[in-house]
Amino acid sequence: MLREISAGGVVVRKSPQGWEIAVIEPRREPDSSDKTSTGDKKRHKQVLALPKGLVDSGEKPEATAVREVREETGIQAAKIAKLTDIKYVYVRTWSDKQRVFKIVTFYLLRYESGDIDDISPEMRIEVKQAAWIPLEDAKHKLTYKGERDVVRLAQQYLESQPLEA
């Protein structure tokens, strides 16, 4: 089984309504199962995820998390703390149908600068949009259970070690 090592971030910023996090809507690959029996396109539920990506050779995971956040959301963030590693298996649906064992290290990051969704045209291949959502809503809006668990850890961290806005 193939292995992938990735890193990503829960980027937080304080708004007048409370903490917000940066999320992405990945661009979905159309496939033959995207059509109904009448040939119409199927409607897909919106997928919301945390920004993350593969660790490049010689790169430290925390640097990957900061880079991927910048590339996928358009914002600059700084590491606060490591949250956890999540592990799962997925099947590459876009190419060779191989099973892949993936480990993603997630960090809690603080927003520093930039405009959300100000991403390069090249990244639009991967990311449909990036947005801020209330931290409180993330545990219901994020698509993947592992990432919802990561957000709960971020919330616990912020409650136990309050950050300056």
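1. Start with helix H2, residues 135-141, where Lys139 and Glu136 sit three residues apart, about one turn of the helix. Helices here are DSSP runs of H or I with at least four residues, strands are runs of E with at least two, and both are numbered from the N terminus. The side chains of Lys139 and Glu136 meet in a salt bridge, 2.9 Å from N to O. That term means a side-chain nitrogen of Lys or Arg within 4 Å of a carboxyl oxygen of Asp or Glu. Side chains of opposite charge can pair when their charged atoms come close.

2. A quick word on what you're looking at: this is a predicted model, in which local features need pLDDT of at least 70 and side-chain atom pairs count only at pLDDT 80 or more, while totals for chains, interfaces and linings use all residues. Residues are numbered from 1 along each chain as its sequence is written, and side-chain values use heavy atoms, with hydrogens and water left out.

3. Back to that pair: is Lys139 buried or exposed? Lys139 is buried, because its relative accessible area is 18% and the cut-off for buried is under 20% (exposed is over 50%, partly exposed is in between, with a 1.4 Å probe and protein chains only). Glu136 has 48% relative accessibility, so it counts as partly exposed.

4. Now for the other charged pairs; a search of the whole structure finds 15 salt bridges. One of them joins Arg67 to Asp56, with the closest N and O atoms 3.5 Å apart. This pair links distant parts of the chain: Arg67 is in helix H1 (residues 61-73), Asp56 is in the loop between strand E3 (52-54) and H1, and the two are 11 residues apart. Arg67 is buried at 13% relative accessible area, and Asp56 is partly exposed at 40%.

5. Asp96 and Arg92 make another salt bridge through their side chains, at 3.2 Å from N to O. Here Asp96 is partly exposed, with a relative accessible area of 37%, and Arg92 is buried at 19%.

6. Have a look along H1 itself. Its 13 residues should span 18 Å at 1.5 Å a residue, and the end C-alpha atoms are 18 Å apart, which agrees; the expected span is 1.5 Å times one less than the number of residues. Among the buried residues of H1 are Ala65, Val66, Arg67 and Val69. Just after H1, Gly74 takes a positive phi of about 90°.

7. Finally, the greasy part. The largest nonpolar core has 23 residues, and Val10, Val12, Ile21, Leu50 and Leu108 touch the most other members. H3 gives the most to this core, with five residues. A nonpolar core is a set of buried Ala, Val, Leu, Ile, Met, Phe, Trp, Tyr and Cys residues joined through side-chain atoms within 4.5 Å. Val10 touches residues including Ile21, Leu50, Leu83 and Val150, not counting residues up to four places away in sequence. A second, separate core of 11 residues includes Val11, Ala77, Tyr107 and Trp132.

Definitions and conventions. Contact = heavy atoms within 4.5 Å.
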